[in-house]
Amino acid sequence: MDIFKIDKKIVVLSVIYFMLAQSSMTSRATADALLLKYFDESSIPLMIMAAASLSIMLALLTTYLCGRFQAYGAVRITIAGLIVAMTAVVAAVSIIGGKVVAAGAYMVCEVVVVMPMVLYWGMAMGVLNPKESKKWFGLIGAAGTCGCILAGYTVSWASRSAIVNELTLGVVTILLLIVLVLLMTRANLFTIREDKPDSTTPTQATGIFRRIALLISSRQSILMTWLVVFSATVMCLIDINFKFDVRNAYSGAELYSFFGEFYSYTSIAQLLLQLFIVRTILTKGGVFAAITVLPGILLLTAVCALVIDREVGEKAVYAGKAITQVFFFTIEYVGLQMLFLAVKKEFRGQMNSAIDGLTRPSTIAVISLLITSTLVFWQEDIVLRLNLVIIVLCCFWLFVAWLNYRE
């Protein structure tokens, strides 16, 4: 690959993804630390549900923005709003502090983790064609992984300070500001020239809910929605139980240090995967391989957790979290984005927001509420019950992935 022949559009996309991934991972580590520091086990699923509910409302807004201003315009507006929100959060954490402020900071950080990334891919898939996607996804993904690695070390460094929250939240705010400047100065690269609309296109819908209904009414979009539902369900179950385990093992500044190191090491694994394996999977196995690798590995991990030594099986939730962290954005999410290539360019951002941006947090909210109401069930025999549930869900996940491939 000749780095001097890379299109300017790819370079800018890679730089923006580097910044967004760094801000997302820094927000992820900070949000996790805040959640486990200020809230007990019974409150953790409720906080996750509240953050997911906020993401649902914002997903409705961004779906409308994508239709009104294209994905590029929606990204700019969303990031500008998040910069304002993060600035207010930094000020509140620094001046007021306390559990209520921590809850607000957690909610905003959760939005920063998900929303800009969803809109970014909607924007990127709108300006890339299938050939460019297969050729340059590896480079763009590697840039994002480097951002994640740097974010992990940043959080670990900040954990040594008494003002760790102010430092990490301030870093996220600065990174989002840089992204906004890049987007504003490179508008010509991301504006899509739309086809002339007709009476059947979603842009003619008068209401946001009707527009979403038109976007997700096809068989293809329904199958893609179910793919997101099963992936979000499995990863939410793993994530919540992972947080339960970490909360019992670490406290205070140790939480920031743990999450910083955990996300650094998993990001390094992501980079190695992208450099040596992802391209082969995408070129040899195609979309089907991309959307089945993660559920296949999680299924194997859950089976092993049931048959090996129980003490080792109890730590399978750490393995499951590491696997989802490594494989989701490197392979699984790329496969999902490639499915959107079958949609017209001007509608990809809207459909991405409607399917991924809306379905994922909705699923997380429902699963979090379910775990809250059945907390005793998960605590009595976590090794057996959690892994049996994961095995069943992964089987359905693989089946839906096969149906998506056929479609």
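The following exercises, with worked solutions, concern a predicted model of a protein.

**Exercise 1.** Determine which secondary structure elements the protein contains and how much of the chain is buried.

*Solution.* Begin with the elements: there are 14 helices and zero strands. Along the sequence, the pattern accordingly reads α-α-α-α-α-α-α-α-α-α-α-α-α-α. Finally, consider the contacts with a separation of 6 or more: 87% of them join residues 24 or more positions apart.

**Exercise 2.** Compare the span of helix α5 with the expected value, and identify its buried residues.

*Solution.* Helix α5 covers residues 164-185, which gives 22 residues. From the first C-alpha to the last, helix α5 reaches 32 Å, close to the 32 Å expected at 1.5 Å a residue. A residue is buried if its relative accessible area is under 20%. Among those of α5 that qualify are Val 164, Asn 165, Leu 169, Gly 170, Leu 176 and Leu 183.

**Exercise 3.** Describe how helices α1 and α8 pack against each other.

*Solution.* Two packed helices are described by the distance between their axes and the angle between them. For α1 (residues 8-38) and α8 (residues 219-249), the axes come within 10 Å and cross at roughly 65 degrees. The crossing is right-handed. On the α1 side, Arg 28, Asp 32, Leu 35 and Leu 36 take part, and they meet Lys 243, Val 246 and Arg 247 of α8. Sorted by class, this contact has three nonpolar, four charged and no polar residues.

Technical notes:
Residues are numbered from 1 along each chain as its sequence is written. This is a predicted model: local features need pLDDT of at least 70, side-chain atom pairs count only at pLDDT 80 or more; totals for chains, interfaces and linings use all residues. Side-chain values use heavy atoms; hydrogens and water are left out. Helices (H or I, at least four residues) and strands (E, at least two) are DSSP runs, numbered from the N terminus. The expected span of a helix is 1.5 Å times one less than its number of residues. Buried means under 20% relative accessible area, exposed over 50%, partly exposed in between (1.4 Å probe, protein chains only). Contact means heavy atoms within 4.5 Å. Axes are lines fitted to C-alpha atoms, for helices over the stretch in contact, and angles run from 0 to 180 degrees between N-to-C directions. A crossing is left-handed if the near helix is turned anticlockwise from the far one by less than a right angle, and right-handed if clockwise. Ala, Val, Leu, Ile, Met, Phe, Trp, Tyr, Cys and Pro count as nonpolar, Asp, Glu, Lys and Arg as charged, and the others, Gly among them, as polar.
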